[in-house]
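This report describes the fold of a single chain and the packing of one pair of its elements. The sequence and structure are shown first.

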Amino acid sequence: MENKAIPRIWLKNIRVEKGLTQQEVASSGDFARTYYTMVEQGKRKPSVDIAKSIAKVLDFKWTLFFDDECNESKHSDIDIVTIRDKTA
């Protein structure tokens, strides 16, 4: 069976809502843009340290990366209104 990457749409949505590029997130977290891109596309699972860095830059709970192996349906419940409320 092929191990197909599942994009982390919730992660992209948070980043876009914050008005940041992949490069800006990566630079702020001190890791490569290419690595961040693979994380966002679901091709790489971030280490705890990288997950914490990304979460700090985008202001969300880092454990979201590991909840039910990034169950996309669970994370799709994170709506933009919640993100706005948290950052306001």
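Among the contacts in the chain with a separation of 6 or more, what percentage is accounted for by residues 24 or more positions apart? In this predicted model, such residues account for 56% of those contacts.

**Overall composition**

The chain contains six helices and zero strands, and its pattern along the sequence reads α-α-α-α-α-α. Of its 88 residues, 33% count as buried. The chain exposes about 5700 Å², and 51% of this area is supplied by carbon and sulfur atoms.

**Packing of helix 2 against helix 3**

Two packed helices are described by the angle between their axes and the distance between the axes. Helix 2 spans residues 22-29 and helix 3 spans residues 33-40; their axes come within 8 Å and cross at roughly 115°. Angles of 65 to 115 degrees count as roughly perpendicular, and helix 2 and helix 3 are therefore roughly perpendicular to each other. The crossing of these two helices is right-handed.

The residues that make the contact are listed by helix below.

| Helix | Residue range | Residues in the contact |
|---|---|---|
| Helix 2 | residues 22-29 | Gln22, Gln23, Val25, Ala26 |
| Helix 3 | residues 33-40 | Arg33, Tyr36, Thr37, Glu40 |

By class, the contact of helix 2 with helix 3 comprises three nonpolar, three polar and two charged residues.

Methods
Residues numbered from 1 in each chain as written. Predicted model: local features only at pLDDT ≥ 70, side-chain atom pairs only at ≥ 80, totals over all residues. Heavy atoms only, no water. Axes fitted to C-alpha atoms, helices over the stretch in contact; angles between N-to-C directions. Helix = DSSP H or I, 4+ residues; strand = E, 2+ residues; numbered from the N terminus. Parallel < 35°, antiparallel > 145°, perpendicular 65-115°, else oblique. Left-handed = near helix turned anticlockwise from the far one by under 90°. Contact = heavy atoms within 4.5 Å. Nonpolar A, V, L, I, M, F, W, Y, C, P; charged D, E, K, R; others polar. Buried < 20%, exposed > 50% of the residue type's maximum accessible area, 1.4 Å probe, protein only. Areas by Shrake-Rupley, 256 points an atom, 1.4 Å probe, with all protein chains shown as cover.
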